[in-house]
Amino acid sequence: MITVPFLDLKRQNQELARDLEQATFRVVQSGRYLLGPETEAFEDEFASAVGARYCVAVANGLEALMIALKALHVGPGDEVLVPTNTFVATWLAVTLVGAEVVGIEPDPETMVIRAETLEASVTPRTRAVIPVHLYGRPCPMPEIVSWARHHGIAVIEDAAQAHGAQWAHQPVGAFGDAGCWSFYPSKNLGALGDAGAITTNDRGVWDLARRLRNYGSREKYHHDVIGWNSRMSEMNAAILRVKLRTLSEWNQRRQILAHRYVERLQNLPLVLPPLDTLEQSVWHLFVIRTPRRNALQQFLLDHGVETQIHYPIPPHRQRAYRHSFDKDCFPLANRLAAEVLSLPLGPYLSLAEVDYVTEVLHQFFDEEKGEAGYEYSAL
Ligand SMILES: *Cc1c(COP(=O)(O)O)cnc(C)c1O
């Protein structure tokens, strides 16, 4: 039987093995392991890739969000607008800096938030909005930024799944006041361990974020603000510099595979992700929707195809948030959690593998069609 892994990072990194080894060796030899030349070079290179003036490398994506919130002076007593269908880190960052999460339901088609749904949730305490470019698809940033500017609300992009994504040819991560990145190994740009970054055009945000990541210090042994230890290692900075060079090529491969999926799944009773219009997704995940999700996932697994669910439990239904949110308060997030399924996708995957996955999907729905009681119109 053919097996298609959901994610094979070894296969992905193999392609760059020689360059990664050289970069690693260079760092070992250098004697500098934190806040050295590799980190500085990565910050410059990543800022220019994003079209931002500044970049601050940090330890992970969660702390990138927390530091960005702090650098924009968001804290206790403030409310932050956050999508209801995101990875829990977006919510945790808000909670951990002492602010309150206000959940925003996404657009059901694109699964990211839009400006017009924000208005109803604004109060005098609203201080920031965090659009999440979920699954690699950019939020409509121009309308979100102009809406936020009108209300005096800060915009922090959660770009942890969207390295290289663009809205109308402008890369995400520099539209608002800060862009937050994760380089967790499975992201489109992934380190060999935890790493993250903040991009910004605002010198004040840049300066405060740099201090916050390093014990609140600008000058050794002088601590002007209460900071973290959230530094990126020189090793990961060197590795990310190598991988940044292939990012756009790898994103193009993802796009080709995503288009193949759409082409081959067109006639099935599934909700497919929309293809690009103004936005250019980088297809971090290829997510389909069906009420038959659980049966389909099992069928695919029985035929050697690994899939995942992003995410099976929305943040408001997590035990951690049980005292703050009713489990039925966000019906769309609940519905998405029951229906979404992520198919295998990555730069290492072949068209033949995608075709095999689509054949298995066709087989599943052919067999379903034979069974009474299944209504296509349920979609
Ligand atoms: C991965 C991710 C994060 C957190 O990044 P870490 O580096 O794991 O802390 C935050 N938001 C989103 C949307 C993510 O996918």
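**Points on the structure**

1. The chain is divided into domain 1, residues 9-244, and domain 2, residues 247-368. The model is a predicted one. A distance of 24 Å separates the C-alpha centres of domain 1 and domain 2. Across the boundary, 39 residues of domain 1 are in contact with 35 residues of domain 2.

2. Helix α9 (residues 247-265) packs with helix α12 (residues 351-370) at an angle of about 25 degrees, and their axes are 10 Å apart. Angles under 35 degrees count as roughly parallel, and α9 and α12 are therefore roughly parallel to each other. The crossing in which α9 passes α12 is right-handed.

3. On the α9 side, the contact is made by I256, L257, R260, Y261, R264 and L265. Their counterparts in α12 are L351, V354, D355, V357, T358, L361 and H362. By class, the residues of this contact of α9 with α12 comprise eight nonpolar, two polar and three charged.

4. An open sheet of three strands is also present, with the order β7-β6-β12 and antiparallel pairing. The edges are taken by β7 (170-171) and β12 (279-280); each has a single partner strand, so one side of each is left without a neighbour in the sheet.

5. The pairing of strand β6 (residues 166-167) with β12 is antiparallel and runs over two bridges. Which residue stands opposite E279 of β12? That position is held by W167.

Conventions:
Residues numbered from 1 in each chain as written. Predicted model: local features only at pLDDT ≥ 70, side-chain atom pairs only at ≥ 80, totals over all residues. Heavy atoms only, no water. Axes fitted to C-alpha atoms, helices over the stretch in contact; angles between N-to-C directions. Helix = DSSP H or I, 4+ residues; strand = E, 2+ residues; numbered from the N terminus. Parallel < 35°, antiparallel > 145°, perpendicular 65-115°, else oblique. Left-handed = near helix turned anticlockwise from the far one by under 90°. Contact = heavy atoms within 4.5 Å. Nonpolar A, V, L, I, M, F, W, Y, C, P; charged D, E, K, R; others polar. Pairing = 2+ DSSP bridges. Domains from an automatic or database assignment.
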